[in-house]
Amino acid sequence: MIEIIGLEKSFGGQKVLQGVDLKIADREVIAIIGESGGGKTVLLRHLIGLMKPDKGSIMVDGADISTMSKRELDKIRDKFGIVFQGSALFDSMTVFENVVFPLREKTDLDETEILQRGKSALEDVGLRGIDDKYPSEISGGMKRRVALARALILGPSTIFFDEPTTGLDPIIMNAIHKLIISTHEKYGFTGIIISHEIPEVFEVADRVAMLYSGRIIASGTPHDIICNKDPFVKKFVSTCRDADVSCG
Amino acid sequence: MERIIRRLGAWALSKVRTMGRMVLFLIESLYLVFVPPFKHRYLFRQIRFFGTKSLIVILLTGAFTGMVLAIQLYYTLRKFGSDALLGPAVALSLIRELGPVLSALMVTGRAGSALTAEIGIMRISEQIDVLTTMALNPLRYLSVPNIVAAIIVFPLLAAIFDLIGIYGGYLVGVKLLGLSSGTYFSQMEHFVEMSDIRMGLYKSISFGVIVSWVSCYKGFHTDETGYGAEGVSRSTTEAVVMSSVLILIWDYFVGSVLV
């Protein structure tokens, strides 16, 4: 379980996170939504240990990662997989080399096994016949799939998705969301999705948390969020309220 | 007045902090050179990147440096009736000084800048963060192979620069200005000592460390110099300028200590 307690972070004089509190249960898929530039990515970078908070703590399975040494943090990171916003594939490696990179660097598997697992991971994300292509030769949607295959290959217990569908057309966006659902069903990871793609992300998430003014102002099922009375949440999800959703 | 002093203090503190971070970066990289696992694949790639790809520029600059040196030294030495010493003068200038310094400056312009840009782009496109979040030390993949490759390649490139420069000096001194071939080479053998070659070697190795260290550091910290492409452009410029200045400063210190 991941628990964020009173997380605060400032850059210069600007307070980006002002006391974020959130609990994320094992195997659930939670979407953290909010405005662009509202601190969602900063929150994610704290969760994966790339930033240290000014105040507050992040408990992962009972241990505070914000005060851990690098070595302890690396042990926690072994449980994580991350799909970065721009996919962050290694430019100098082929698609296949990118996918099996964690296997080559972190396991002692022989090449036959690596080959087999790499192929299987690529098939899981619906990619075939692009093994030898370089990231610059494939589309944005394919890059996200490759990044997901790379994140899945070591079987992490938690996968973080930083804006996994930003910049993609609605069809590809839908396909990526379906992929997150299908891989979650198969691998059973805890999924944390940072997104502002409303209402599409509601189809993927079990729970949604709304980040506004550096705080979580609402949290609940997609239905709870759509029907939330908070004026900002209401404004943010107004497109969904027009849809066929009954708020009783 | 107080504001000026405050700003000056803040500027000085930020410079000291940067220097401290640079030194820590170098110490950690040098430590990882001796701690397994070693990334041989990346090392061979970087040897090719620093070495093979810099060969043409080294051959060209080496030849013309030797030729210019021969012309200039010939007219000076002739005034003192010592034109027979042209061979050793060219060889000593190249081996002790110009070979290591100019080859290092050439590699800084060709490979150092490209290295900073490559690592800088990896930084802004979150590829370095990928390594960190995989619990892999990015320095092991990006800094260590470059430092080791530069330590291996810089002395070799300087040696090639020296050789081709001496041959360039031979073409001008012997073929153009009419000095005898025997005088050019026999005097060289007499005057150039092992300590001169050692000095050139030490300089090249240290320049290799300087160029790879500064280039990698600037690439790693691209996000601190600016955003996106502008940040990469700025860090690349800073890497080339800083490496070049440090090469010349360090050259003076090594030269005065090992004279």
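Which side chain meets that of Lys106(A) in a salt bridge, and at what N to O distance?

Modeller: Happy to! The partner is Asp78(A): its side chain and that of Lys106(A) meet in a salt bridge, with 3.0 Å from N to O. The term stands for a side-chain nitrogen of Lys or Arg within 4 Å of a carboxyl oxygen of Asp or Glu.

Before going on, a word about what you are looking at. This is a predicted model, where local features need pLDDT of at least 70 and side-chain atom pairs count only at pLDDT 80 or more, while totals for chains, interfaces and linings use all residues. Residues are numbered from 1 along each chain as its sequence is written, chains are lettered from A and ligands numbered from 1 in the order in which they are written, and side-chain values use heavy atoms, leaving out hydrogens and water.

Now step back to the domains. Chain A is split into domain 1 (1-79 + 158-165 + 178-243) and domain 2 (85-155); such bounds come from an automatic or database domain assignment. The C-alpha centres of these two domains of chain A lie 26 Å apart. Where they touch, 13 residues of domain 1 of chain A are in contact with 9 residues of domain 2 of chain A, contact meaning heavy atoms within 4.5 Å.

How much surface is hidden there? The size of an interface is often given as the accessible area lost when the parts come together. Between domain 1 and domain 2 of chain A, the buried area is about 990 Å², and carbon and sulfur atoms give 59% of it. Buried area here is the accessible area (1.4 Å probe) that two parts lose on being put together, summed over both. On the domain 1 side, Ile159(A), Leu179(A) and Tyr187(A) lose the most area to domain 2 of chain A, together 43% of what that side buries. Across this domain interface, the rule finds 2 salt bridges.

Chain A also meets chain B. That contact takes 22 residues from chain A and 17 residues from chain B. The two chains bury about 1700 Å² between them, with 57% on carbon and sulfur atoms. In chain B, the residues losing the most area to chain A are Glu126(B), Thr133(B) and Met134(B), together 33% of what that side buries. Glu126(B) also has a charged partner: its side chain meets that of Arg45(A) in a salt bridge of 3.5 Å, N to O. For the interface of chain B and chain A, the rule finds 3 salt bridges.
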